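Please find below a colleague's note for a reader who is new to this structure. The model is shown first, and the comments come after it.

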Amino acid sequence: MAQANEKTTKRPGFFQWLIVIIVPLILAIIVTFIVLTFMGIDVVSKSKDVANKIPFLSSAVTTEQEAETEREQEQVDNQLAEKDQQIESLQGEVATQKSTIDELNQEIVKLNNQLEEQVESTESESEANSNENLAKLTKSYEEMDAERAAPILANLDQELATTILSEMDDQARGEILSAMDAETAANLTQQLLQ
């Protein structure tokens, strides 16, 4: 029977030992945690620091510094995304402004061409009118008596008098120059030769 008693008395199994060791250990950790918290020690951050130093646990545990770094990185990423959107928006505005500038430059060229055409037209009309007026004036002096025309031409600007005399026929010019005093006639003749 002794053997039967021995057989009936079982040795504690693995799970029984595990429960006997783990339950008191967990209770000891909880009590220690509560006592240290009442003493003012930040057990959570300390345990994270310790867990972060253990190679296989460091990847699973994040400290407050790592969490703060991640938040800061997210903020920087968000700011970069906003800046990229602003850059794209500004580049679109620049492209629009460039196209507007190109259109305005084309308009300026067009208006400059129109202005040049108008100036040329006005100059040609003015020159035609001037030539017509010069022809009429020259005819008036040719029809005038030489002795009356000579003092008028002598008192005119030399350039204008020379222009009028150059447009006259030779006979009328000769009569008017002969009616002038010698010095004035010589000056006008010299101007005519130039």
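The numbered points below take up the overall build, the salt bridges and a charged surface patch.

1. The model under discussion is a predicted one. The chain holds nine helices and zero strands. Of its 194 residues, 12% count as buried.

2. The chain exposes about 16100 Å², and carbon and sulfur atoms supply 56% of that area. Among contacts between residues at least 6 apart in sequence, 46% join residues at least 24 apart.

3. Three salt bridges are found in a search of the whole structure. One of them joins the side chains of Glu68 and Arg71, at 2.6 Å from N to O. These two residues lie three apart in helix α5, which means that about one helical turn separates them. Glu68 is partly exposed, at a relative accessible area of 35%, and Arg71 is partly exposed as well, at 44%.

4. Glu132 and Lys136 form another salt bridge, with their closest N and O atoms 3.5 Å apart. Helix α5 holds both residues, four apart and thus separated by about one helical turn. Glu132 is partly exposed, with a relative accessible area of 43%.

5. Is Arg173, which bonds to Asp170 in a salt bridge, buried or exposed? Arg173 is buried, with a relative accessible area of 19%, whereas Asp170 is exposed, at 61%. The closest N and O atoms of this pair are 3.1 Å apart, and both residues belong to helix α8 (residues 170-179).

6. A surface patch of negative charge brings together Glu116, Glu117, Glu120, Glu123 and Glu127. Glu117 lies in helix α5 (residues 64-143) and is exposed, with a relative accessible area of 54%.

Definitions and conventions. Residues numbered from 1 in each chain as written. Predicted model: local features only at pLDDT ≥ 70, side-chain atom pairs only at ≥ 80, totals over all residues. Heavy atoms only, no water. Patch = residues over 30% accessible without salt bridge, like charges linked within 9 Å, V, L, I, M, F, W, Y side chains within 5 Å. Areas by Shrake-Rupley, 256 points an atom, 1.4 Å probe, with all protein chains shown as cover. Salt bridge = Lys/Arg side-chain N within 4 Å of Asp/Glu carboxyl O. Lys, Arg positive; Asp, Glu negative; His and termini not counted. Charge placed at Lys NZ, Arg CZ, Asp CG, Glu CD. Buried < 20%, exposed > 50% of the residue type's maximum accessible area, 1.4 Å probe, protein only. Contact = heavy atoms within 4.5 Å.
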